[in-house]
Amino acid sequence: MRGHEVWHTGIDDLCAENESVSATVTRVFPSEAPRRFKAAEVHVTRLERFDAILMRSDPPYTMNYIFAVQMLSLVQESRTFIMNKPQALLNFSEKLFVHHFKKFIPKTIVSKKIAQLNAFLKRVKRIVIKPLD
């Protein structure tokens, strides 16, 4: 982790009180197992104490997610670099935003219509299906 401390928190661990956002955070370290981390100390701390924040949450896009993003928008950006801006998280679906980069992605369809999906499958032969939420 190149000399940086890495801390983890979850949407349910956030708290906004007055003008401050805090969270229960767990310090994590790489473990021997691939793609795994070891948890260490746990603290409740203000998010502005961190140099940088990256929000990454798996779907579904729920009201808890929206509230968490809104809480993140309260963090003073003059003190903490927020890598993915809260307003951008609300404005852009990660599964739809990729359509802005068509030359870098495989043939893609987004539809709720089974007939359209079947026609697409027939044309391209192999597909990956993912829900939007």
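Reader: Which backbone oxygen lies 2.5 Å from a polar atom of the side chain of asparagine 84?
Author: Happy to start there, keeping in mind that this is a predicted model. Asparagine 84 sits in the loop between strand S6 (81-82) and helix H2 (86-91). Not counting residues up to four places away in sequence, asparagine 84 touches Ile53, Leu54, Met55 and Leu89. The backbone oxygen at 2.5 Å from its side chain belongs to methionine 55.

Reader: Is asparagine 84 buried or exposed?
Author: The cut-off for buried is under 20% relative accessible area. Asparagine 84 has 16%, so this residue counts as buried.

Reader: What kind of aromatic pair do phenylalanine 97 and phenylalanine 101 form?
Author: Good one to check by geometry! Their rings lie 5.6 Å centre to centre, with 70° between the planes. Planes over 60 degrees apart count as edge-to-face, so the pair formed by phenylalanine 97 and phenylalanine 101 is edge-to-face.

Reader: Which residues form one aromatic cluster?
Author: The structure holds three aromatic pairs. Phenylalanine 97 is partly exposed at 33% relative accessibility, and phenylalanine 101 is partly exposed at 41%. The cluster is formed by Phe92, Phe97 and Phe101.

Technical notes. Residues are numbered from 1 along each chain as its sequence is written. This is a predicted model: local features need pLDDT of at least 70, side-chain atom pairs count only at pLDDT 80 or more; totals for chains, interfaces and linings use all residues. Side-chain values use heavy atoms; hydrogens and water are left out. Rings of Phe, Tyr and Trp (its six-membered ring) pair if their centres lie within 6.5 Å; planes under 30 degrees apart count as stacked, over 60 as edge-to-face and the rest as tilted. Buried means under 20% relative accessible area, exposed over 50%, partly exposed in between (1.4 Å probe, protein chains only). Helices (H or I, at least four residues) and strands (E, at least two) are DSSP runs, numbered from the N terminus. A polar contact is a pair of N or O atoms within 3.5 Å; within protein, one must be able to donate a hydrogen and the other to accept it, and residues adjacent in sequence count only if both atoms are side-chain atoms. Contact means heavy atoms within 4.5 Å.
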